[in-house]
Amino acid sequence: KETEEVFKVKKSSYSKKIVKQLKKEYKEDLEKSKVRTEVNSPTDVDPPLEKTGQIKDIGQEDGTANSEHGEEEMEVESEKEEEKPKAGGAFSSALSSLNVLRPGEIPDAAFIHAARKKRQMARELGDFTPVDSEPGKGRLVREDENDASDDEDDDEKRRIVFAVKEKSQRQKIAEEIGIEGSDDEALVAGEQDEELSRWEQEQIRKGINIPQACIFQPAEVNNLYYQNTYQTLSYGSSYGIPYTYAAYGSSETKSQKTDNTVPFKTPSNEMTPVTIDLVKKQLKDRLDSMKELHKANRQQYEKHQQSREDSTKAIERLEGSSGGIGEQYKFLQEMRGYVQDLLECFSEKVPLINELESAMHQLYKQRASRLVQRRQDDIKDESSEFSSHSNKALMAPNLESFGRDRVIYQEQVKRRTAEREARRARRRQAREQTGKMADHLEGLSSDDEETSTDITNFNMERDRILKESSKVFEDVLESFYSIDCIKSQFEAWRSKYFASYKDAYIGLCLPKLFNPLIRLQLLIWTPLEGKCRDFETMLWFESLLFYGCEEQEQVKDDADISLLPTIVERVVLPKLTVISENIWDPFSTTQTSRMVAIVQKLVDGYPSVVNAENKNTQMLLKALLLRMRRTLDDDVFMPLYPKNILENKNSGPYLFFQRQFWSSVKLLGNFLQWYGILSNKTLQELSIDGLLNRYILMAFQNSEYGEDSIKKAQSVIACFPKQWFTNLKGDKTISQLENFCRYLVHLADTIYRNSIGCSDVEKRNAREHIKQIIKLLASIRALDHAVTVANDHNVKELKILIEGK
């Protein structure tokens, strides 16, 4: 019945299993307490210690239950034996069971209450003797120390009875688990159990949390709670100290000061005692370590100071140089914008310049073509007029390709003939005024006279083109079309920042950049005209002449040094190519001489022009050869007349024949002016094979054998370059002149045969003519033919003639 009254537990707080276990243990304790007969047994153990061990065991056995029900189960285990004590039976039975409690068993609330009363009675009788393992080492401070007198008991009772005191934690837990009873004795027991509850909770916390080890200092103050002393113990020492409580009725008594203390042994893991030498050693070691640390810090400080100084110098240096870099960046950005604007301007203006240049070339080409076509028409008209055929109607078709009849064609021929004769008369009159009439031969002059109408139309068209060219850059600032302004921009770049100037390959870009501006200035430049300026005296040439030639040291492989040669190569040579192909007339000695002079100047003064890999030079030479071959095929005509017609030196056929012969000789001389520019093989092919052997020798064979033929032969040989014969070895001349040499040998024989039977004067003249022929053969290094002629005609002055060439 008492068991049921003690364990009236709220079912909502604890599980039935724990309640049953507690009831069972409580019954076993009661039975054991009845068996025990002696209260003051030596096996009595201090209830708080056993209680602590029992709580520890319960915590281990019911670990699973604790994890399921949380903190409520822990509180129930620590307070599960508490009961409401009753007046008499419960306390007497618990008191009789003090000597039968075995180590490890869980005491109940009545057992604990009986143990407290037993100790209280021992204090009152003066028989309480605490068990000290080592006296004086330490003690537990109790909350109720020096409380052995009856007065203090009475005071405590008075406080319990009359004072309004807050319920203890154990009382609250007892109410929660349903323990009945609220009499004064239970209240006093609850008040006394509060101390035990604190001690139990402290031991539980020590089991859960492991505090840091520290040196235990025994408490000497009696008014402190004993839990404060235990908080300074290490985890290992808190469970290694054997605690014992004195049994009731002990014979030994202690002073009142030690009645409420719990002595314990010194922990076995106590640290080495501190001595002065140990402190000195530790301080010295610490000083040495601090010195080492200070030394390392000093080195690090010095390193940081040096790094700071270096950084400061670098900052100053960079700040000093950053101004130049900023200026360079600004300048390059300005140049970039300027070049972009310049290229955009040229992209719009270059097509206009190309159109104007093409129009000017077309204008000159039309005039040259008109003159060539007129010469060809004149040759056709004279050839038709002096033809050996008597029926001239055969030479003039009845209908032309445009449906015009023969009458209209004859009227055109008469008009051309009248114009031709008028031009010849004006040239003859001009020669008479200059005194050159005696030395002139018909056919050596170039018929390039134009009518006033053609001249007017030509000048008007040229003026129009020039006017259009002046308007090309009228809407553009001077800095974008003036060569001086553009040059100054790049000169500033070169002088200030040559490295970036070179990296941008400006030296290679400048010729292409100046190309359209120079072509615009060379728009009317034609070296075939007498009034044409030399391109080296033009403004663009003088402006760019000293570009890149500063006083500073010249850099190796500087592209600016070859600026002008590159411009000449890319601008002047293409223009000369167009002129030689469309405007130059090889029959004109004046034009040929000027053309040869300008090309020879480029070859001598500009090494890049002579370079065999130069495409512009190759194109120019090809254009020259094509123009000479076209002239040789289209413009050369040698009429063939019977000798009886040529005997009349005032007749039209004779004059036409002589004119065509001398025009061919003039063309031969014009071809051979290109010696030193064109290869010898090419010139020999054009002049000797194409012109001399094909046309001129034919005229020699139809000419009168005499002084006139010798004069013509001298004129032909005078056209040959002397360098052809200076390096010849042996007695033979070049192979292409063999036919001409055989003609001279035949001429000498003919003159000798014609002198037979004549007067001495005629024989003497014939002999002089033969000597002249020997000289001519020796001049072209045809020594074998000269010796043959001298031996055949008994000429003894051969050596003198050969050396006197």
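Tutor: A residue is called buried under 20% relative accessible area, exposed over 50%, and partly exposed in between, with a 1.4 Å probe and protein chains only. This is a predicted model, in which local features need pLDDT of at least 70 and side-chain atom pairs count only at pLDDT 80 or more, while totals for chains, interfaces and linings use all residues. Residues are numbered from 1 along each chain as its sequence is written, and side-chain values use heavy atoms, with hydrogens and water left out.

Student: Why is glutamate 461 called partly exposed?

Tutor: Its relative accessible area is 28%. That value lies between the cut-offs of 20% and 50%, so glutamate 461 is partly exposed.

Student: What makes arginine 464 and glutamate 461 a salt bridge?

Tutor: A salt bridge needs a side-chain nitrogen of Lys or Arg within 4 Å of a carboxyl oxygen of Asp or Glu. The closest N and O atoms of arginine 464 and glutamate 461 are 2.7 Å apart, so the pair meets that limit. The two residues are 3 apart in helix H15, about one helical turn. Helices are DSSP runs (H or I, at least four residues), as strands are (E, at least two), numbered from the N terminus.

Student: How do you know whether aspartate 475 is buried or exposed?

Tutor: Aspartate 475 has a relative accessible area of 58%, over the 50% cut-off, and is therefore exposed. Its salt-bridge partner is lysine 349, with the closest N and O atoms 3.0 Å apart. This pair links distant parts of the chain, 126 residues apart: aspartate 475 in the loop between helix H15 and helix H16, lysine 349 in helix H13.

Student: Is lysine 349 buried or exposed, and why?

Tutor: Lysine 349 has 8%, under the 20% cut-off, so it is buried.

Student: Why does lysine 575 have no salt bridge?

Tutor: The nearest side chain of opposite charge, glutamate 357, is 4.4 Å away. For charge, Lys and Arg count as positive and Asp and Glu as negative; His and the chain ends are not counted.

Student: What does the side chain of lysine 575 make with histidine 361?

Tutor: A polar contact, at 3.1 Å. The term covers a pair of N or O atoms within 3.5 Å; within protein, one must be able to donate a hydrogen and the other to accept it, and residues adjacent in sequence count only if both atoms are side-chain atoms.
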